[in-house]
Amino acid sequence: MPQYIIPNRLSEATKVLKEKRGKCLIVAGGTDLVIKKADEDMTGKVILDVSQVEEMRKIEVVDDALLLGAAVTFAEIGRSPLIPSCLDGLKMAALEVGSPQIRNIATVGGNLGTSSPGGDINVVLMGLDTQVVLASAGGTRKVSVEDFFVGPQKNAAAEDEIIVSAEIKLPRRSQYRKLALRRALALAITALGLSCYDTGNGEVWYVSFGALAPTPIRAGRAQDLLAKGYDIDTICAAVWQEVDSLSGKRRNSLRGSIEYKQDMAAALLREMLEQWEYMPSIGE
Ligand SMILES: Cc1cc2nc3c(=O)[nH]c(=O)nc-3n(C[C@H](O)[C@H](O)[C@H](O)COP(=O)(O)OP(=O)(O)OC[C@H]3O[C@@H](n4cnc5c(N)ncnc54)[C@H](O)[C@@H]3O)c2cc1C
C-alpha cells in the first residue's frame, strides 16, 4: 500500500516532496494519474494529494492579473464570479473539458502537469500572457507558459516542484474554441486560444493551437500580423503555412491529417476574428 498524504499548506507539501524525493507522486483530481498508474505496483510510494492546499485553491484578481490556483477544478472556473469577462476564453475552455463528473474533480494543475498538447486549459493558457508559478522547499519561481511545455507530455517543473498557480495577465478580450468529434468527452482535433492586449506601444495578440504539434503552440507569425493590423485572409494564410512547419514530425494523428488540421486551424481563427468584428488597418 502506498502512503497517502493530504497537506493543507504549500510549505507542508513542498517539505514532503523534498523528504520523499523519488518516491512521491503528486495527485490532484486523479483523472489522468489514476488511469496512468492503474497497473503499477505502488508499494513504497508516497501519494501527495495537493487538492486541499489552501494557496492552490485561490481564484483572485491582483492588480492586472488573475491568479488561478492549480487545485482549482474546471467546474469552479466555470461558475466563478471572480473571473472577469475579459477571460471568457478561460471559462469556455474549462467547460469544454470532459463531462460534469470530470470537471468536478479535474484541476488546472493536473492539465498543466500532464502537459497534453490538446489539454484544453494548456491551450487557453498558451493563448494568454501567462506565467506558471512553481514551488519547491527552496522557494518559488515563475516560468512563462511558452517555456513551461518542453515536449510531448513533458514540462519544465523539476521533480521537487509543485505547480502552484497560473498568473494570467488580463487581456482586453479572449476566447477559446475546440473542434472535436462531439460536444462532450472528446479530445480536440484542434483548439484555438485567442487574446488581445492593449499596451502603450499598440496591441499584442496571442494565438495558440492545440493538438497540432508535440506541445501546445503559438502561431507567432499570425500574432505579428494581427498586431500590425493585416487583413483576415493574409493572417489565415499565414496560419495555414505556420501550422505545417510547427507540426514537425507530428504529421498525422488518430483525429485527422495535418492537411485537415491546417484547414481547420485557419477556419477557426477566421471564424473567431469575424465574430470579434476584427478591423484590419492595412492589407486587404
Ligand atoms: C473521461 C475523461 C475525459 C477527459 N476529457 C478531457 C478533455 O476534454 N480535455 C482535457 O484537457 N482533458 C481531459 N481529460 C484529462 C484530464 O481530466 C485533465 O488532464 C485534467 O486536467 C487532469 O487534472 P487532475 O487534477 O485530474 O490531474 P491528476 O490526474 O491528479 O494529475 C495529472 C498529472 O499532473 C500532475 N499534477 C497534478 N497536479 C499537480 C501540481 N499541482 N503540481 C505538479 N504536478 C501536478 C500529476 O502528478 C500527474 O502527473 C479527460 C480525462 C478523462 C478520464
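Predicted model: local features only at pLDDT ≥ 70, side-chain atom pairs only at ≥ 80, totals over all residues.
**Entry 1**

I began with strand β11 (residues 173-180), which is joined to β12 by eight bridges, the two running antiparallel. Strands here are DSSP runs of E with at least two residues, helices are runs of H or I with at least four, and both are numbered from the N terminus. Two strands pair if DSSP finds at least two bridges between them.

Residues are numbered from 1 along each chain as its sequence is written.

Next I followed β12 to strand β13 (residues 202-210): nine bridges pair them in the antiparallel sense, and a hairpin links the two through two residues. Opposite G193 I found S208 in β13.

How many residues of β12 are buried? I got nine of 12, so strand β12 (residues 188-199) is mostly covered. Buried is defined as 20 or more other C-beta atoms within 10 Å of a residue's own, exposed as 12 or fewer, and partly exposed as in between, with C-beta atoms placed from the backbone.

**Entry 2: a look at L66**

I then picked L66, in strand β5 (residues 65-69). L66 counts as buried because it has 23 C-beta neighbours inside 10 Å. Which residues does L66 touch, leaving aside neighbours within four places in sequence? My list reads V61, I83, L87, I168 and L170; contact here asks for C-beta atoms, placed from the backbone, within 7 Å.

**Entry 3: the open sheet**

Here I found three parallel strands forming an open sheet in the order β1-β3-β2. β1 (3-5) and β2 (24-27) are at the edges with a single partner strand each, so one side of each has no neighbour in the sheet. On average, neighbouring strands of this sheet are turned by 25° against each other, direction ignored.

I checked β1 against strand β3 (residues 46-49) and counted three bridges in the parallel sense. L48 in β3 is the bridge partner of I5. Helix α1 (residues 10-19) lies across β1, β2 and β3, and runs at about 160° to β3. Axes are lines fitted to C-alpha atoms, for helices over the stretch in contact, and angles run from 0 to 180 degrees between N-to-C directions.

**Entry 4: domains and ligand**

I wrote down three domains for the protein chain: domain 1 (3-49), domain 2 (54-169) and domain 3 (173-275). Their bounds come from an automatic or database domain assignment. The centres of domain 2 and domain 3, taken over C-alpha atoms, are 20 Å apart, and 24 residues of domain 2 are in contact with 24 residues of domain 3.

Where does the ligand lie? Domain 1 and domain 2 both give residues to its shell, so the ligand lies between them. There are 27 residues around the ligand, of which G29, G109, G110, N111 and G113 come nearest; near means a C-beta atom, placed from the backbone, within 6 Å. α6 gives the largest share of this shell, five residues.

Key: Contact = placed C-beta atoms within 7 Å.
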